[in-house]
Amino acid sequence: MDTDTNYDVVVAGAGPVGLLLAAELSLGGARVLVVERLAEVNETIKAGGINSTTAVALYRRGLLPALTEVHEEAMNRFKEFTRQHGGPGHDNPVPPPKFAGHFSGIMLRADLLDDSDPAFADLGPVERVGLVPQAPLERLLGRHADGLGVEVRRQVELTGFDTDEGGVTVHLAPTDDSAPQTVRAGWLVGCDGGRSLVRKLAGIEFPGTAPEITGYQALADMTGTEPLRGGWNTTDVGTYAYGPVPGRILTVEFDGPPADRESPVTAEELQASVRRVTGVDVTVHKVHSSTRFTDNCRQAATYHSGRVLLAGDAAHVHSPFGGQGLNLGIGDAMNLGWKLALVVGDRAPVELLDSYTAERHPIGAWVLDWTRAQIAVMRPEPHSRALREVLTDLTRTVDGTTYLVKRISGVWQQYDLPGDHPLTGRSAPDLELADATHLADHLHTGRALLLDLADDPKLRARAEGYEGVVDVLTTTCPGRPELAALLVRPDGITAWAADADSTEDDPTEALRLWFGAPVGA
């Protein structure tokens, strides 16, 4: 048995959440090992897009150009589908790539979105992305993590672990049946999916509600599809979605969860579901990529137990409607990474990790309820269909569309942090600074930023002793002259802010709360 004792953190799972978390930890100076049983990126069709909060988070790490390339490739496939099969852009030019989304399959029109709503202000140039499928995103994040020196061991499966006061002993089994491995680390983070072994072995409860649907999502070769309508559609049996890329089909039936979640979806199984739901005699010739899903809706009672933490689907599962799962997990990774890195580096007390559950658990609980509501509206029965008509009418209004898009995009989110400034607890605005750079340009390092917009030497002095953790930038912001200073956490959240006419001009308490005592204090 081989033993390696040189890691600060072991991350179980090399999906998008695990890879981003590892990258964030590495930016914070931690030595990270990611273990993954799969030999390569899982190409199974899953999430099809990212929301504004995810796009902003990755923009702040300098990844916007790479995201844009992925988005444009996906948009080209979308345009080809609409030319062939109808839907948005079939009879008119394809609309600009602006994410609007849907609620329970009720499509939201981007032209009804009120862009002037303050919640959408100062997000930066992220409106150019949105259609970013999960597999290309995973490859992008893999390259990002590799560039930061993160070690990823593929074809290695976590089989167990033992914890003690000093850390975690992680037991690994290579999938090629070679010798078992043991890794010693300070911390273990489970990013190993909804059926997380890390969560189960840690004894963390996973309460929630039982599933009532079976869903299929697939890329397949099909004939007889001409009568299918592009986009989301409801029928007397359930719901289906066709497109927005060639061969993509999704069905939902309210017949309880599938008896078998493990075996591959066959062409016959998928064809039977498509025919039942759509009433069209589609023939499925070959399934290229497929998955079954349900509305099993559960959330870990805590995201932190001793030396073990959870993120992504290991911490919460729900139906995929509205595309919230991937975005929720990315938010977990951004919140946890810098905090755990500071604890690992002895720059902050372990109690800082309590804020991870405190901040992320309420967001996760909201997502679970958001997806439950969509199931209620989707049921093929008279009461749900009546409610669906009411909601459809609301989506035809500016106020209704704007409300739903704000929720889907994540721009409504705000953590309950100390301080009275309206920016505190919110994602920091992407301020354009005097030298034409933006706030996001100064967050690529993964460190916090104390932004001095009033050339205040006393303010800058408060950051002494936080070198390597908090960067200090003195500049001006002509577009927001009322702002005097901001303290931005590594995850882009405003920890403290002051206006030019404010008496709240001291970030000392916020600095100590999030980054511990200054060195030398």
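At 2% relative accessibility, Phe321 counts as buried, where buried means under 20% relative accessible area, exposed over 50% and partly exposed in between, with a 1.4 Å probe and protein chains only. This is a predicted model, in which local features need pLDDT of at least 70, side-chain atom pairs count only at pLDDT 80 or more, and totals for chains, interfaces and linings use all residues. Residues are numbered from 1 along each chain as its sequence is written, and side-chain values use heavy atoms, with hydrogens and water left out.

**Aromatic pairs**

- The whole structure holds eight aromatic pairs; rings of Phe, Tyr and Trp (its six-membered ring) pair if their centres lie within 6.5 Å, and planes under 30 degrees apart count as stacked, over 60 as edge-to-face and the rest as tilted.
- Trp232 and Phe321 form an edge-to-face pair, because their ring centres are 6.0 Å apart and their planes stand at 75 degrees.
- Trp232 belongs to strand 11 and Phe321 to the loop between strand 18 (316–317) and helix 7 (324–344), so this pair ties together parts that are 89 residues apart in sequence. Helices (H or I, at least four residues) and strands (E, at least two) are DSSP runs, numbered from the N terminus.
- Both Trp232 and Phe321 are buried.
- Phe293 and Phe321 are also edge-to-face, since the centres of their rings are 5.8 Å apart and the planes are at 80 degrees.
- That pair links Phe293 in strand 14 with Phe321 in the loop between strand 18 and helix 7, 28 residues apart. Phe293 is buried, with a relative accessible area of 8%.
- Elsewhere, ring pairs link Phe103, Trp366, Trp370 and Trp412 into a cluster.

**Charges over rings**

- Arg31 lies over the face of Tyr7, 4.2 Å from the ring centre; a charge sits over a ring if NZ of Lys or CZ of Arg is within 6 Å of the ring centre and within 35 degrees of the ring normal.
- The ring of Phe206 has the charged end of Arg199 over it, 3.5 Å from its centre.

- Five strands form an open sheet in the order 11-12-13-10-14, with antiparallel pairing; two strands pair if DSSP finds at least two bridges between them.
- Strand 11 (231–234) and strand 14 (283–293) are at the edges, each with a single partner strand, so one side of each is left without a neighbour in the sheet.
- Strand 10 (residues 214–223) and strand 14 run antiparallel and are joined by nine bridges. Asp221 has Lys286 in strand 14 as its bridge partner.

- Another open sheet has four strands in the order 20-19-21-22, and its pairing is mixed.
- Its edge strands, strand 20 (470–474) and strand 22 (494–499), each pair on one side only.
- Five bridges pair strand 21 (residues 483–488) with strand 22 in the antiparallel sense. Thr494 in strand 22 is the bridge partner of Val488.

**Nonpolar cores**

- The largest nonpolar core has 111 residues, and those with the most contacts inside it are Leu25, Leu141, Val189, Leu340, Val470, Leu487 and Phe515. A nonpolar core is a set of buried Ala, Val, Leu, Ile, Met, Phe, Trp, Tyr and Cys residues joined through side-chain atoms within 4.5 Å.
- Helix 7 gives the most to this core, with 11 residues.
- Leaving aside neighbours within four places in sequence, Leu340 is in contact (heavy atoms within 4.5 Å) with Val9, Leu25, Trp187, Val189, Leu309 and Leu353.
- Another core lies apart from the largest one and has 17 residues, among them Leu228, Leu270, Val277 and Val280.
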